[in-house]
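Hello,

Here is the structure we talked about handing over. My notes follow below it.

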Amino acid sequence: ESLLLKLEAFLRAKLEVDRVHDESLLDQESGLYNMRGLSRRAREIGSEAFRRRHALTCIVFAPESPELGDVSAEEVAARLAAAVGEALRRSGRSSDAIGRLGPLEFAVIAPATGPSAALKLVDRLRETVETHPVPMNGNHAAAMALRVGYFAVPDFHEAQVDATEMLLRATTALRTLKVNGGGN
């Protein structure tokens, strides 16, 4: 009877930990916002940009997967997520919301950043991420190359989209670039 009571207590604790984990706003591998957290921050940042009539930019990027030998695709994604997360946490602006959309897709929501500043931000992010090595087996490291899509508006109040729609459009731009290949 004592063992059953202990097992029941452990089971309740485990279920509570699982529930809290599922409701978390952070991605465990990268330390960045997950999709739920990024969507919430997009609405908050969008509301502020709307009230202040500020520019707003959404940037979505995907590192091209380096060859890591006999490492599985899941392990490559985990290593890339950790490397990108570390690079972006070190170099990102405190006002930006930075998150992981999928295994190999990341996003930055940048308030008070218009179309011309978006290109500068893309260059800065690209330089930061591409120069951050991805740990491989042993002492080797692989460099990352990025594909980037973005969507920016000079005055969010006048925009005909919300922040979540901007994120979707930036993601569409990235995926179109990936399908069509080549170019910046």
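**Notes on the model**

Arg53 is partly exposed, with a relative accessible area of 41% (buried means under 20%, exposed over 50% and partly exposed in between, with a 1.4 Å probe and protein chains only). Arg53 lies in the loop between α2 (35-52) and β1, and has a positive phi of about 60 degrees although it is not a glycine. Ala112 has a positive phi too, of about 55 degrees, and is not a glycine either. Ala112 sits in the loop between β3 and α4 and, at 54% relative accessibility, counts as exposed. Helices here are DSSP runs of H or I with at least four residues, strands are runs of E with at least two, and both are numbered from the N terminus.

This is a predicted model, in which local features need pLDDT of at least 70, side-chain atom pairs count only at pLDDT 80 or more, and totals for chains, interfaces and linings use all residues. Residues are numbered from 1 along each chain as its sequence is written, and side-chain values use heavy atoms, with hydrogens and water left out.

On confidence: pLDDT is the predictor's confidence in each residue, from 0 to 100. The mean for the protein is 86, and 89% of its residues reach 70 or more. Confidence is highest in β3, at 94, and lowest in strand β5 (residues 141-142), at a mean of 64. Where pLDDT is low, the predicted coordinates should not be read in detail.

Next, the interior. A nonpolar core is a set of buried Ala, Val, Leu, Ile, Met, Phe, Trp, Tyr and Cys residues joined through side-chain atoms within 4.5 Å. The largest one has 22 residues, and Ile59, Phe61, Val84, Leu88, Val108, Val129 and Met144 have the most contacts inside it. Two or more residues each come from β1 (56-64), α3 (73-91), β3 (105-111), α4 (115-130) and β6 (145-153). The largest share, six residues, is that of α3. Apart from this core lies another, of 20 residues, including Cys58, Leu101, Leu167 and Ala170.

Helix α3 has 19 residues, which should span 27 Å at 1.5 Å a residue, and its end C-alpha atoms are 27 Å apart, in agreement (the expected span is 1.5 Å times one less than the number of residues). Buried residues of α3 include Val76, Leu80, Val84 and Leu88.

Which aromatic rings pair up? A search of the whole structure finds one aromatic pair. The ring centres of Phe61 and Phe106 are 5.9 Å apart with planes at 25 degrees, so the pair is stacked (centres must lie within 6.5 Å; planes under 30 degrees apart count as stacked, over 60 as edge-to-face and the rest as tilted). Phe61 is in strand β1 and Phe106 in strand β3, 45 residues apart, and both are buried.

Two other buried residues are listed here. Ala62, in strand β1, has 3% relative accessibility. Asp96, in the loop between α3 and β2 (97-102), is buried with a relative accessible area of 9%. The Asp96 side chain makes a polar contact with the side chain of Arg93 (2.7 Å); such a contact is a pair of N or O atoms within 3.5 Å, one able to donate a hydrogen and the other to accept it within protein, and residues adjacent in sequence count only if both atoms are side-chain atoms.

Regards

Conventions:
Phe/Tyr/Trp six-rings, centres within 6.5 Å; stacked < 30°, edge-to-face > 60°.
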